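Subject: Structure for you to look at

Hello,

Here is the structure I promised to pass on. Please open it next to this email and follow along.

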Amino acid sequence: MIEFKNVSKIYPVDCAALENIDLIIQPKEFVSLAGPSGAGKSTLLRLLIREELPTEGQIFWLEQDISQLKHKEVPQLRRKIGAIFQDFKLLPNKTAYENIAFAMEAVGRSNKDIEEDVPLILRLVGLLNRAHHFPDQLSGGEKQRVAIGRALAHRPEILMADEPTGNLDLIHTWDIIRLL
């Protein structure tokens, strides 16, 4: 379970991205956050992965206040979260295969696991035939599917996506929604 208790995030010059947010997300629950640009959706996700700290309030995951984690404990938290960002964050000098494999290497998966799982993940996201293409050789929808594959590669407990269908056409939007 994820719980935000009275969470606020105030940026310098008194810019309130979030004010007094209370939110509970149950295990296996699919939650969508909607709102205009600047409403604080991305900030909420950055707080969950401990990229930022709340100005006020507490954020609990499995009854642990993640804002109280020591700096050295944050990578362990992030290994349990699959994140899909609106700008994809793909490594430009790595192929689709290598981008997914890199995520698995980062969490200590064996070469055998990587060799077995990456083709399965690429098949799942419909990109097995694009495995050896670099990001600049992929369409926006294909890049997004590589990003989803990379997020799924280490079997996260939480999967979060920041505008996963932004800038995609309607057909690719439905493909991404079905994948999630």
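Below is what was found, from the whole chain down to single residues.

Please keep in mind that this is a predicted model.

The whole chain

The chain holds six helices and six strands. Read from the N terminus, the order of these elements is β-β-α-β-β-α-β-α-α-α-β-α. The C-alpha trace spans about 45 × 35 × 30 Å along its principal axes. For 180 residues, a compact globule would have a radius of gyration near 16 Å, and the 17 Å of this chain agrees with that.

Of the 180 residues, 42% count as buried. The accessible surface comes to about 10600 Å², and carbon and sulfur atoms make up 52% of that surface.

Two helices

Two packed helices are described by the angle and the distance between their axes. Helix α5 covers residues 140-152 and helix α6 covers residues 170-179. Their axes come within 10 Å and cross at roughly 10°. Angles under 35 degrees count as roughly parallel, and α5 and α6 are therefore roughly parallel to each other.

Which residues make this contact? From α5 they are G141, Q144, R145 and I148, and from α6 they are H172, I176 and L179. By type, the residues of the contact divide into three nonpolar, three polar and one charged.

A residue in a strand

A83 lies in strand β5, which runs over residues 81-84. The relative accessible area of A83 is 16%. Buried means under 20%, so A83 is buried. Leaving aside residues up to four places away in sequence, A83 touches A151 and M160. A83 and R123 are 40 residues apart in sequence, and their C-alpha atoms are 20 Å apart in space.

Two residues with positive phi

R50 is not a glycine, yet it has a positive phi of about 60°. R50 sits in the loop between α1 (41-48) and β3 (56-61). E63 is not a glycine either, and its phi is positive at about 70°. E63 is in the loop between β3 and β4 (64-65).

Is each of these two residues buried or exposed? R50 has a relative accessible area of 13% and is buried. E63 has a relative accessible area of 76% and is exposed.

Regards

Notes: Residues numbered from 1 in each chain as written. Predicted model: local features only at pLDDT ≥ 70, side-chain atom pairs only at ≥ 80, totals over all residues. Heavy atoms only, no water. Axes fitted to C-alpha atoms, helices over the stretch in contact; angles between N-to-C directions. Helix = DSSP H or I, 4+ residues; strand = E, 2+ residues; numbered from the N terminus. Parallel < 35°, antiparallel > 145°, perpendicular 65-115°, else oblique. Contact = heavy atoms within 4.5 Å. Nonpolar A, V, L, I, M, F, W, Y, C, P; charged D, E, K, R; others polar. Buried < 20%, exposed > 50% of the residue type's maximum accessible area, 1.4 Å probe, protein only. Rg over C-alpha atoms; globule rule 2.2 N^0.38 Å. Areas by Shrake-Rupley, 256 points an atom, 1.4 Å probe, with all protein chains shown as cover.
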